[in-house]
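Reader: Please take a close look at one part, the nonpolar core, and describe what surrounds it.

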Amino acid sequence: WVLSTDIQADPLDENLLPGTKVKVVKGPLNGLLAEMVNYNNKYRIIIRVEQLERSFEIQIPRSHVKTII
């Protein structure tokens with residue numbers, strides 16, 4: 001049985017390709033703008049966040065980001 005998880009069963013967004021600009025909409029990074037780097041698995045992605053003249057790559061649940069148009 002599963003006690004808790006932050007992974008949600010969202011389908012993969014075919015439009016979410018490496019280089020796509022995204023906004024974090026859930027969790028402690030809520031509000032940050034980032035760039036999608038790669039899929040880690042079916043439900044998690046790696047994003048690049050640039051803050052204070054530094055670039056960080058962070059693994060985050062796919063359900064925590066929305067694409068920016």
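Author: A nonpolar core is a set of buried Ala, Val, Leu, Ile, Met, Phe, Trp, Tyr and Cys residues joined through side-chain atoms within 4.5 Å; buried means under 20% relative accessible area, exposed over 50% and partly exposed in between, with a 1.4 Å probe and protein chains only. This is a predicted model, in which local features need pLDDT of at least 70 and side-chain atom pairs count only at pLDDT 80 or more, while totals for chains, interfaces and linings use all residues. Residues are numbered from 1 along each chain as its sequence is written, and side-chain values use heavy atoms, with hydrogens and water left out.

The largest nonpolar core has 10 residues: L16, V22, V24, A34, M36, I45, I47, V49, I60 and V65. Two or more of its residues come from each of β1 (21-24), β2 (33-39) and β3 (44-51), where strands are DSSP runs of E with at least two residues, numbered from the N terminus. The most is given by β3, with 3 residues.

Contact means heavy atoms within 4.5 Å. Apart from neighbours within four places in sequence, I47 is in contact with V22, V24, A34, E35, M36, V37, F56, E57, I58 and I60.

Two strands pair if DSSP finds at least two bridges between them. The pairing of β1 with β2 is antiparallel, over 3 bridges, and K21 has E35 in β2 as its bridge partner. The pairing of β2 with β3 is also antiparallel, over 4 bridges; here Y39 is bridged to I45 in β3. These two strands, β2 and β3, form a hairpin with 4 residues between them.
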